[in-house]
Amino acid sequence: GYEDAVNAKISGELNEVESTLPDDIKDRALSVFKAAVSEKYSIIQAIEKVEKEALGEIETVFKGQRFKGFIKFDFDSWVVTISVNKFGNGSAQFSAGVGQKKLVCPDPFMGRLSDPNMNRPLT
């Protein structure tokens, strides 16, 4: 369940990042998240690190303003979304969603398996 998901570690490649955050905050969040993953943080620890070290900036940048945004990290096996909801007169609230992708057998004619260099003899 939820406990297993948030305490899991992310492995595999980052496929895509989707975000409505300002570029500088998005880039910071991405680098913090990737660092946390490479240091084998659990998903919940990685999310907390991003909230503290990158998304906290939103309170400063959007001081006195309303702001809603998100950043979504799409990995081979997990999708992690962190949402920000900042009220004009208050602090930012964060929420996160974590989903595990079901792995399916890859089509042998798609993707990496059809790499033209795969069966090339080494020289």
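I82 stands opposite A96 in strand β4. The model is a predicted one, in which local features need pLDDT of at least 70 and side-chain atom pairs count only at pLDDT 80 or more, while totals for chains, interfaces and linings use all residues. Residues are numbered from 1 along each chain as its sequence is written, and side-chain values use heavy atoms, with hydrogens and water left out.

**The sheet**

Strand β3 covers residues 78-86 and strand β4 covers residues 92-100; they run antiparallel and are joined by nine bridges. Strands are DSSP runs of E with at least two residues, helices are runs of H or I with at least four, and both are numbered from the N terminus. Two strands count as paired if DSSP finds at least two bridges between them. Five residues lie between β3 and β4, which form a hairpin.

The open sheet is made of four strands in the order β1-β2-β3-β4, with antiparallel pairing. Because β1 (14-19) and β4 stand at the edges with a single partner strand each, one side of each has no neighbour in the sheet. On average, neighbouring strands are turned by 10 degrees against each other, direction ignored. Axes here are lines fitted to C-alpha atoms, for helices over the stretch in contact, and angles run from 0 to 180 degrees between N-to-C directions.

Two helices pack on this sheet, as the table shows. Contact means heavy atoms within 4.5 Å.

| Helix | Strands touched | Angle of directions |
|---|---|---|
| α2 | β1, β2 (67-75) and β3 | about 40 degrees with β2 |
| α3 | β3 and β4 | about 35 degrees with β3 |

**Helix α3 and its neighbours**

The axes of α2 and α3 come within 9 Å and cross at roughly 145 degrees. The contact is made by I25, R28, A29, V32, F33 and A36 of α2 together with A46, I47, K49, V50, E53, A54 and L55 of α3. Of these residues, ten are nonpolar, none polar and three charged. In this count Ala, Val, Leu, Ile, Met, Phe, Trp, Tyr, Cys and Pro are nonpolar, Asp, Glu, Lys and Arg are charged, and the others, Gly among them, are polar.

In α3 (residues 43-55) the buried residues are I43, A46, I47, K49, V50, E51, A54 and L55. Buried means under 20% relative accessible area, exposed over 50%, and partly exposed in between, with a 1.4 Å probe and protein chains only. These buried residues pack against α1 (2-7), α2 (23-38), α4 (57-61), β3 and β4.

E51, in helix α3, has a relative accessible area of 18% and is therefore buried. Residues up to four places away in sequence aside, E51 touches G56, I82 and F94. The C-alpha atoms of E51 and I82 are 8.3 Å apart, although the two residues are separated by 31 residues along the chain.

**The nonpolar core**

In soluble globular proteins, nonpolar side chains tend to be buried together. A nonpolar core is a set of buried Ala, Val, Leu, Ile, Met, Phe, Trp, Tyr and Cys residues joined through side-chain atoms within 4.5 Å. The largest one here has 28 residues, and I10, L21, F33, V50, L55, I58 and I82 have the most contacts inside it. At least two residues come from each of α2, α3, β2 and β3, and α2 gives the most, with seven residues. L21 is in contact with K26, L55, I58, F67, G69, F70, I71 and V84, leaving aside its neighbours within four places in sequence.
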